[in-house]
Amino acid sequence: MLGEQHGEVLFTVEDNIIIAKAIGSFNEEGAYDYTNGFKDRIDQLGSQPFAILVDNLLMEGATPEAFKVLEAYNQWLNDKPLVAKAFVVKSRVTTSIVTAHSPSINQQTVENFSTKEDALQWLRTKLANSL
């Protein structure tokens, strides 16, 4: 089913922390939905420092085209006042795959966590120390 979006993302924002829950497997259209959702929320914050939490516990994978979209987004993100990014993952292999396909993420302060609570605590500390 060419042209149909795959992958779903749910967004919330808490105290300048943009939280995204990725669900399923992402193709190019799903990746655009994912990255545009972040861009919209980042633009709403203006020039304020912010952090990102990505909950990848329900993410199943991504196509090569989705990773190209992700790399363009991370390049764009590197010019924003991002303080830190936390990934909640079952395995660090998930983040290794993302990093391999989106090398611009290496310019960001990134950490992996097994729980959302631990990730939020780390991000809150990073944001507080950036002020």
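The model is predicted: local features need pLDDT of at least 70, side-chain atom pairs count only at pLDDT 80 or more, and totals for chains, interfaces and linings use all residues. Residues are numbered from 1 along each chain as its sequence is written, and side-chain values use heavy atoms, with hydrogens and water left out.

Select residues 28-45, which form helix H1; helices (H or I, at least four residues) and strands (E, at least two) are DSSP runs, numbered from the N terminus. H1 has 18 residues and reaches 26 Å from its first C-alpha to its last, close to the 26 Å expected at 1.5 Å a residue, the expected span being 1.5 Å times one less than the number of residues.

Next, colour the buried residues of H1: Gly30, Ala31, Tyr34, Thr35, Gly37, Phe38, Ile42 and Leu45. Buried means under 20% relative accessible area, exposed over 50%, and partly exposed in between (1.4 Å probe, protein chains only). Viewed down the axis of H1, these residues fall within an arc of 145°, so they line one face of the helix; the arc is that of the directions from the helix axis to the C-beta atoms. On the other side of H1, Asp43 and Gln44 are exposed.

Glycine 46 follows H1 and has a positive phi, near 65°.

Finally, select glycine 61, in strand E3. Glycine 61 is buried, with a relative accessible area of 16%. Not counting residues up to four places away in sequence, glycine 61 touches Gly24, Ser25 and Phe26, where contact means heavy atoms within 4.5 Å.
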